[in-house]
Amino acid sequence: MSLEALFQKLYDSPLAAAIRENTSYFPWIESLHVLAITLVFGTICIVDLRLLGYRAHRRGARRLIVDLLPFTWAAFAVAIVTGALLFTSNAVAYAHNAQFQWKMIAILAAGLNMAVFHLTAYRRIGDWDDAHRPPLAARLSGAFSLLLWIAVIVFGRLIGFTLSVF
Amino acid sequence: MSIESFGNWLYETPLSTSIREVTWIIPSVQSVHLLSIAIVVGSALVSDLRLAGVLATDESPATVVRRYLPWMWIALIVLLLTGIVMLIAEPGRTLGNTVFWAKMALVLFAFALTLFFRKPLLDPAFALEHASWRGAVKPAAWISLVVWVAVIFCGRWIAYT
């Protein structure tokens, strides 16, 4: 089955029809999506700023990451589920929307950036845990992460202005 | 002048018209508004969960609040400014909208909670364990979190009511 056919099948599903037809489903799911995104960005921002050298609520970077990562992951899971529901309701239109495509690419890039951080600088965190200025690799990860998540939020908001619902 | 005719007057002003005509302004302002609310939510999450005794309990409440309160004030000012731009551009969407006024009341309430329960902690001489209202700190922290969540839901619903 081609991707195009898959998106059409999603659009034709009873779930998608229900979200389109009940006027309050979409805003409720969207509100939950926005809440999840603010939690993802809010918690990631604290860690990224620590990686850039701004102090958080504790000195050690590792403990800070351990404190906040469960919240980031839980909120990210909610964002994925609610985002998938919103996508399904108008799958073909979203799939063809350039801002939506850029948003997905930015999320993938942010994930990749995080994977690189965990495989490199985070492995040696014992060496720089308490350092006010983490090593360059960690600072770069923090900067990329901030920029990519800002891009995710901006592209996400732009979808609302550019999506052609037919 | 009724609030409705004020809204109509505001809508016709050159400032309001130009914000609407430059098409990139509203999406940009909304994006900044969204990023700022994320800063508030992140700061409120850590501070409130600390005051509720859930997160980072090995750090003192004062240390945690001191780190996040300045970020929160800055984000709140940016929220206010970007919110005013949106209100000037589309007064019809907000001024006559019950959800908008509910959101404003909730923001004021969350702001008052923050001011009352966190600002005293900035004073190094202040000891939370001797404060007469120490018993209210935990419930107030949970209420504050719920109120910020309600603010976000109202914010999204303004577009649909």
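What percentage of the 161 residues of chain B count as buried? The figure is 47%, where buried means under 20% relative accessible area, exposed means over 50%, and partly exposed lies in between (1.4 Å probe, protein chains only).

## Basis of the model

This is a predicted model, in which local features need pLDDT of at least 70 and side-chain atom pairs count only at pLDDT 80 or more, while totals for chains, interfaces and linings use all residues. Residues are numbered from 1 along each chain as its sequence is written, chains are lettered from A and ligands numbered from 1 in the order in which they are written, and side-chain values use heavy atoms, with hydrogens and water left out.

## Chain B overall

Chain B holds seven helices and zero strands, and its pattern along the sequence is α-α-α-α-α-α-α. Helices (H or I, at least four residues) and strands (E, at least two) are DSSP runs, numbered from the N terminus. Along the principal axes, the C-alpha atoms of chain B fill a box of roughly 55 × 30 × 25 Å.

A contact means heavy atoms within 4.5 Å. Of the contacts in chain B between residues at least 6 apart in sequence, 77% join residues at least 24 apart. One residue with a backbone feature to note is Ala56(B), which has a positive phi of about 50° although it is not a glycine. Ala56(B) sits in the loop between α3 (25–51) and α4 (61–89) of chain B and is buried, at 8% relative accessibility.

## The interface between chains A and B

Chain B and chain A bury about 2,900 Å² between them, with 76% of it on carbon and sulfur atoms. Buried area here is the accessible area (1.4 Å probe) that two parts lose on being put together, summed over both. Chain B contributes 29 residues to the contact and chain A contributes 33 residues.

Seven residue pairs are in polar contact between chain B and chain A (both at pLDDT 80 or more). A polar contact is a pair of N or O atoms within 3.5 Å; within protein, one must be able to donate a hydrogen and the other to accept it, and residues adjacent in sequence count only if both atoms are side-chain atoms. On the side of chain B that touches chain A, α3, α4 and α7 of chain B each supply at least two residues. The most comes from α3(B), with 14 residues. By class, this side of chain B has 21 nonpolar, four polar and four charged residues. Ala, Val, Leu, Ile, Met, Phe, Trp, Tyr, Cys and Pro count as nonpolar, Asp, Glu, Lys and Arg as charged, and the others, Gly among them, as polar.

## Salt bridges

A salt bridge is a side-chain nitrogen of Lys or Arg within 4 Å of a carboxyl oxygen of Asp or Glu. Glu30(A) pairs with Arg156(B), their closest N and O atoms being 2.8 Å apart. This pair crosses between chains, from helix α3 (residues 25–51) of chain A to helix α7 of chain B. Both Glu30(A) and Arg156(B) are buried, Arg156(B) with a relative accessible area of 13%. Leaving aside neighbours within four places in sequence, Arg156(B) also contacts Ser31(A), Val34(A), Arg157(A) and Arg93(B).

Within chain B, Asp48(B) and Arg118(B) form a salt bridge with closest N and O atoms 2.4 Å apart. This pair links distant parts of the chain, 70 residues apart, with Asp48(B) in helix α3 and Arg118(B) in helix α6 (residues 98–118). Both Asp48(B) and Arg118(B) are buried. Arg93(B) forms a salt bridge with Glu90(B) at 3.6 Å between the closest N and O atoms. Arg93(B) is partly exposed, with a relative accessible area of 32%, and Glu90(B) is partly exposed at 24% relative accessibility.

## Two helices of chain A

Helix α8 of chain A (residues 136–162) has 27 residues and reaches 38 Å from its first C-alpha to its last, close to the 39 Å expected at 1.5 Å a residue. The expected span is 1.5 Å times one less than the number of residues in the helix. Buried residues in α8(A) include Trp149(A), Val152(A), Ile153(A) and Arg157(A). Ala137(A), also in helix α8, is partly exposed, with a relative accessible area of 36%.

Ser89(A) is in helix α4 (residues 61–89) of chain A and is buried, at 2% relative accessibility. Not counting residues up to four places away in sequence, Ser89(A) touches Tyr11(A), Ala16(A), Ile19(A), Arg20(A), Phe26(A) and Tyr94(A).
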